[in-house]
Amino acid sequence: MNVLITGTNSGLGFGLTKYYITNGHTVYGISRKRNEELRKYDNFRFLYQDISKFSEIETNLVSFLNGLEVLDLVILNAGILNEVKDLKDTSLDEIQHVMDVNVWSNKIVIDTLFRHIKKIHQVVAISSGAAVSGARGWNAYSLSKATLNMLINLYAKEHTETHFSALAPGLIKSQMQDYIYGLPDNEQYPVVKRLKEQRESGHMAEPEVAAQLNASAIKQALKYKSGSFLDSRKM
């Protein structure tokens with residue numbers, strides 16, 4: 001397969017990249033940084049790209065994928081979490097930045113791919129349970145993931161020959177979780193305490209383990225209605 005993945009430097013993006021590479025697929029990775037472990041694989045192609053730089057994405061992506069006619073799988077994984085705090089304390093500038101990375105960059109990537117690639121079989125956007133939980137403190141992140149879910153739902157109706165889904169990947173050890181683990185306990189944000197407990201109890205998967213589980217969920221997603229929001233832990 002030809003697989004395109006954004007955010008390949010660390011976390012789930014790195015785990016999925018390594019999973020597909022070691023299973024013989026060609027991965028086209030996009031990230032702000034390159035994970036040095038991936039350099040040794042001949043079936044890994046890499047584009048240095050900050051996806052928040054909208055003016056660069058289409059030109060660089062088209063050049064990167066020049067000559068490629070089919071993408072079997074697109075995984076829109078890149079995303080950011082802003083500071084955990086109340087929405088009333090979160091500025092519109094903060095919200096805009098998170099929305100730019102977590103939502104609008106994905107719109108540009110999707111639109112570019114469908115303009116320049118003849119056939120795209122499956123698109124999976126990595127979402128979060130925060131898209132529907134409404135947990136206090138998750139402010140712009142929750143807003144962005146809820147919007148991402150609807151973005152995928154709408155595109156599924158426009159590109160009916162491609163299967164779309166938004167996938168919550170479960171708990172994964174990552175830079176995002178490192179930040180959460182370093183936060184002080186605060187009874188206003190009970191999810192922070194729960195995530196810390198999950199990590200300490202060993203219920204938070206390493207990226208490569210999470211990648212295997214989510215690669216299986218990505219296959220299973222094809223059995224569900226295109227445009228659905230799915231949770232890999234419930235499939």
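1. On a 1 Å grid over the protein atoms alone, a cavity is a set of points where a 1.4 Å probe fits but cannot get out. Lining residues have an atom within 4 Å of a point. A volume is the space filled by probe spheres set on the points, which are joined across faces, edges and corners.

2. This is a predicted model: local features need pLDDT of at least 70, side-chain atom pairs count only at pLDDT 80 or more, and totals for chains, interfaces and linings use all residues. Numbering runs from 1 along each chain as its sequence is written, and side-chain values use heavy atoms, without hydrogens and water.

3. The structure has 1 cavity of 30 Å³ or more. The largest cavity holds about 30 Å³ of space. Its lining consists of Ile 30, Leu 47, Gln 49, Ile 51, Ile 57, Leu 61 and Val 109.

4. A pocket is an open set with protein on both sides within 12 Å along at least five of seven lines. About 1200 Å³ lies in the largest pocket. It is lined by 46 residues; closest to its centre are Gly 79, Ile 80, Tyr 141, Ser 174 and Met 176. Helix H6 (175-181) gives the most to this lining, with 4 residues.

5. Helices here are DSSP runs (H or I, at least four residues), numbered from the N terminus. H1 (residues 11-22) and H8 (residues 207-221) pack at about 70°, axes 8 Å apart. Axes are lines fitted to C-alpha atoms over the stretch in contact, and angles run from 0 to 180 degrees between N-to-C directions. The two helices, H1 and H8, are therefore roughly perpendicular (65 to 115 degrees).

Conventions. Angles under 35 degrees count as roughly parallel, over 145 as roughly antiparallel, 65 to 115 as roughly perpendicular and the rest as oblique.
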